[in-house]
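Dear colleague,

Please find below the structure that I promised to pass on to you. Could you read through the notes after it when you have a moment?

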Amino acid sequence: MAPAIRLSPAARSLFDEPLAIAVQGLGPRQQVTLQTSLRDETGELFQASAHYQAGDDGELDLARCPALPGGSFSGLDPMGLLWALQPQKPFWRLVKRDVQSPFLLQLEVLEGHGERPGRLLAQAQHERAFLRDGVRRVPVREGRIRATLFLPPGEDTFPGIIDIHGLGGGLFEPRASLLANHGFATLALAYYQFEDLPQEPKELHLEYFEEAVNYMLQHPQVKGPGVGLLGFSKGGEVSLAMAAFLKNIMAVASLNAPVAATCIPFSYKDKIIPTVTLYEHKAKATNSKFLDYSDVIDDPFQAPGNQSLIPLEKAEAQFLFIVGQDDRVVKSEYYATEVCKLLQAQRKENFQILSYPGTGHCIDPPFSPLYSIGSHPVFHKRAVLGGELRAYSKAQVHAWAQIQAFFKKYL
């Protein structure tokens with residue numbers, strides 16, 4: 001029997017779903033290298049490989065056989081060949097621009113464990129999709145709002161979430177599309193550098209975000225009485241400001257976000273929240289020649305009555321702070337801890353912190369490749385973002401399940 005790759009699901013799975021990989025028809029205890037690759041929409045190649053040895057029966061099941069040393073990872077990890085994918089172009093991030101088309105994953109089984117790939121024994125293709133059958137993608141251009149709404153299948157009402165991305169502008173849809181697969185009506189909201197939105201905003205007007213909240217609550221398929229917010233980095237900071245000033249925000253999940261205004265001030269009606277100062281000279285060079293910017297933001301907790309701190313004590317929402325202990329862009333664990341102390345002092349218990357060791361600034365949905373060194377969101381120089389491969393891969397799986405459980409509970 002010729003070697004063959006067996007996948008479950010066979011042809012297509014969702015990007016955040018586990019994929020079972022096995023090889024049958026090998027020789028007893030045969031040594032092979034498994035290799036995965038995919039190209040992003042710009043054509044950049046991501047690859048991972050691992051060394052394995054088949055069982056006495058010639059079967060190789062990644063759920064039972066550990067990877068041997070020498071590949072992209074080692075040890076027992078059925079999804080290692082996906083989360084260990086790394087770009088061939090250094091410092092490149094895997095981003096899905098068009099969620100309506102899947103990533104195409106190539107799998108190959110090669111003979112032996114040599115430096116150079118051995119003979120090709122088997123190959124397979126598999127689609128990693130962002131939209132479950134029946135999920136609707138609805139472009140939204142209502143009033144000032146520039147967004148995309150993802151609706152789960154069916155005619156029911158669903159808990160509503162607004163998903164807000166970090167600095168960099170544009171409209172970012174992957175996370176919102178994946179949440180819709182799990183039963184949430186999710187609005188991916190752009191807020192600058194998209195279509196007719198400001199290119200370089202001098203202020204972020206919370207009235208714009210309020211319009212998005214009202215749009216969601218007026219939608220016939222969004223279950224009220226309020227919405228949830230999911231924000232990453234600057235988007236998390238925006239979400240916290242919305243919870244402090246706007247009505248109808250029930251739950252906020254904040255991923256590695258500052259708790260004070262950074263880079264762009266907020267305004268709401270006649271109130272302005274000024275930004276904390278950034279000290280670029282406090283960036284440190286690491287032994288890898290990349291800059292570590294973790295100390296450049298002025299500490300908003302050191303100055304009593306700091307005007308830049310977001311007044312979270314005013315918020316009625318529940319908060320879930322998700323922080324990477326190795327975040328080198330924002331001191332997110334410190335911020336979350338300090339802001340929760342302030343809430344506690346006000347006798348509030350509307351918060352929880354999930355803190356992940358070995359996890360950097362980028363916390364993405366499960367099985368996303370690690371992006372630990374890349375362009376700094378403010379200074380646009382090559383910077384350490386933080387994170388270690390295996391710790392991060394575990395954190396993203398755990399955090400994703402916790403985010404969904406949190407929204408199910410409070411929405």
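Predicted model: local features only at pLDDT ≥ 70, side-chain atom pairs only at ≥ 80, totals over all residues.

Residues are numbered from 1 along each chain as its sequence is written, and side-chain values use heavy atoms, with hydrogens and water left out.

The protein chain holds six helices and 24 strands, where helices (H or I, at least four residues) and strands (E, at least two) are DSSP runs numbered from the N terminus. Its C-alpha trace spans about 75 × 55 × 40 Å along the principal axes. Of its 411 residues, 55% count as buried, meaning under 20% relative accessible area with a 1.4 Å probe and protein chains only. Among contacts (heavy atoms within 4.5 Å) with a separation of 6 or more, 67% are between residues 24 or more positions apart.

N181 lies in helix α2, which covers residues 174-181, and is buried, with a relative accessible area of 7%. A polar atom of the N181 side chain lies 3.0 Å from the backbone oxygen of F130, and a polar atom of that side chain lies 2.8 Å from the backbone nitrogen of R132. Leaving aside residues up to four places away in sequence, N181 touches L14, F130, L131, R132 and V135.

Definitions and conventions. Buried < 20%, exposed > 50% of the residue type's maximum accessible area, 1.4 Å probe, protein only. Polar contact = N/O pair within 3.5 Å; in protein donor to acceptor, adjacent residues only side chain to side chain.
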